[in-house]
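Here is a friendly tour of some helix packing, a sheet and a ligand shell. Please have the sequence and the model open as you read.

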Amino acid sequence: MRITMVGSGYVGLVSGACFSDFGHDVICVDKDADKIAALEAGKMPIFEPGLDILVATNVAAGRLTFSTDLKAAVSGADAVFIAVGTPSRRGDGHADLSYVFAATREIAAAIDGPLVVVTKSTVPVGTGDKVEEILTELAGDFPIAVVSNPEFLREGAAIGDFKRPDRIVIGTDDARAQQVMRDIYRPLYLNESPILFTGRRTSELIKYAANAFLATKITFINEIADLCEAVGANVQDVARGIGLDNRIGSKFLHAGPGYGGSCFPKDTLALLKTAEDYETPVRIVEAVVQVNDTRKRAMGRKVITALGGEAKGKTVAVLGLTFKPNTDDMRDAPSLAIVQSLLDAGANVRAHDPEGMEIARAMMPDVVYCNDAYEAAAGSDAVVIVTEWDIYRALDLKRLAATMAGAVMVDLRNVYRPGDVEKAGFSYSSIGR
Ligand code: UDX
């Protein structure tokens, strides 16, 4: 199959590289000429484990190419995937579809034969209908099908998630398009990944419902964690105790500082907007969004409480800035709210993150960035683990304590066992224990 990926960001690049690894011929297109030049030189625009090698292997095999020329890339393609961003629109939280429609118009102008266009970007219900309208207007007599094929990959585990998905969702009633999609995903469903064919609107909603459900699960356990702290229970045991019930399942029950990232915050908001538009409120998701926003700020207050209620003039070392490990993504990271509340309270903040500091520097210029955890902790009154990178899981706690001015550790990811940290001389607080 010949596949064109429009948009070489996170989803487009990972999907394109993985499709080429299945043996398909893939062209990844992007407007950003610098990005395409960098990709051609083997330089990845994002940090994702294994992506550089996957790209290099498939480029060398001649199956994966990069281009800024959308028109040439669309010509002769069996399927054109739209994988551009759908960020939150400033001011109202609706998904901003301007990139999707701009890409659609460019594809429409390039049509020179029958075409299957697939939206991989996360788009609100009904977007496929509009994409189809734009395309058919300009397609002349060529048959056009528009398919919704949402992506469920997680940053940091994207290649594994793409190649071993729990399911593939394909939304289209068009028989020819269904066959094209079957051929594209054949290596996966031969591998026993279930493939679910649905209507297009259903498929579009599945993506939002999945993300909203997962965000709800996290937020639920986060509130139970607060209750655990109040009543003297242990949230990790509660999570295990409920998660072993197959109807609940044990994943996504790690209590923490609140969810962040490029998907859950924007997709839950966009779902609320869709619900508003159709006058069918989803009140549980409304509560989830509100609780999660409040929680991130509350984490700053938790640190101040651990410092004895006063942060003015104190120094806090923040370990981990990205919204989760194995990514350099800082979007909606809990660290942003936590650091801001510490700075507002008059604290000095030092920080370390294995991959996120370059981006963090631009977003939080008032922080002192350090080369490792020990350098960040040196002279600090408290150390706060915000993101559970592996390198923070086995810190030499005695060495850490020895360099600090105070001996407070706040572990927002429950990385350590309380006894171990206290033995090293720290006063220790964590989440829901
Ligand atoms: C998510 C979805 O998992 C993925 O299917 C979708 O396509 C995009 O959004 P991602 O944002 O990359 O992926 O990360 P994920 O691992 O799901 O974590 C999201 C956030 O939830 C992070 O901030 C993480 O720290 C938090 N989280 C996750 C918890 O606090 N507790 C958990 O148990 C799981």
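Let's begin with a pair of helices: H1 crosses H3 in the left-handed sense. Keep in mind that this is a predicted model. The points below take the helix pairs in turn, then the sheet, and then the surroundings of the ligand.

**Helices H1 and H3**

- Val-14, Ala-17, Ser-20 and Asp-21 of H1 make this contact together with Leu-51, Leu-54, Val-55 and Asn-58 of H3.
- Sorted by class, the residues of the contact of H1 with H3 are five nonpolar, two polar and one charged.
- Helix H1 spans residues 10-21 and helix H3 spans residues 51-60, and the two pack at an angle of about 50 degrees with their axes 9 Å apart.
- H1 and H3 are therefore oblique to each other.

**Helices H5 and H6**

- For helix H5 (residues 98-110) and helix H6 (residues 127-139), the axes come within 8 Å and cross at roughly 25 degrees.
- That crossing angle makes H5 roughly parallel to H6, because angles under 35 degrees count as roughly parallel.
- The handedness of the crossing of H5 and H6 is right-handed.
- On the H5 side, the residues that meet H6 are Val-100, Phe-101, Thr-104, Arg-105, Ile-107, Ala-108 and Ala-109. Their counterparts in H6 are Thr-127, Val-131, Ile-134, Leu-135, Leu-138 and Ala-139.
- The contact of H5 with H6 has 10 nonpolar, two polar and one charged residues.

**The six-stranded sheet**

- Six strands form an open sheet with parallel pairing, in the order E11-E10-E9-E12-E13-E14.
- At the edges are strand E11 (368-369) and strand E14 (427-429), each of which pairs on one side only.
- Which strand pairs with E14, and over how many bridges? Strand E13 (residues 408-411) does, in the parallel sense and over three bridges.

- The crossing in which H12 passes H13 is right-handed.
- H12 brings Lys-296, Arg-297, Met-299, Gly-300, Arg-301 and Val-303 to the contact with H13. From H13 come Pro-334, Ala-337, Ile-338, Ser-341 and Leu-342.
- By class, the contact of H12 with H13 has six nonpolar, two polar and three charged residues.

**Around the ligand**

- There are 19 residues around the ligand, and Glu-155, His-254, Tyr-259, Gly-261 and Cys-263 come nearest.
- Which helix gives the most to the shell around the ligand? Helix H9 (residues 200-231) does, with three residues.
- The shell around the ligand divides into 10 nonpolar, five polar and four charged residues.

Definitions and conventions. Residues are numbered from 1 along each chain as its sequence is written. This is a predicted model: local features need pLDDT of at least 70, side-chain atom pairs count only at pLDDT 80 or more; totals for chains, interfaces and linings use all residues. Two strands pair if DSSP finds at least two bridges between them. Helices (H or I, at least four residues) and strands (E, at least two) are DSSP runs, numbered from the N terminus. A crossing is left-handed if the near helix is turned anticlockwise from the far one by less than a right angle, and right-handed if clockwise. Two residues are in contact if their C-beta atoms, placed from the backbone, lie within 7 Å. Ala, Val, Leu, Ile, Met, Phe, Trp, Tyr, Cys and Pro count as nonpolar, Asp, Glu, Lys and Arg as charged, and the others, Gly among them, as polar. A residue is near a molecule or strand if its C-beta atom, placed from the backbone, lies within 6 Å of it. Axes are lines fitted to C-alpha atoms, for helices over the stretch in contact, and angles run from 0 to 180 degrees between N-to-C directions. Angles under 35 degrees count as roughly parallel, over 145 as roughly antiparallel, 65 to 115 as roughly perpendicular and the rest as oblique.
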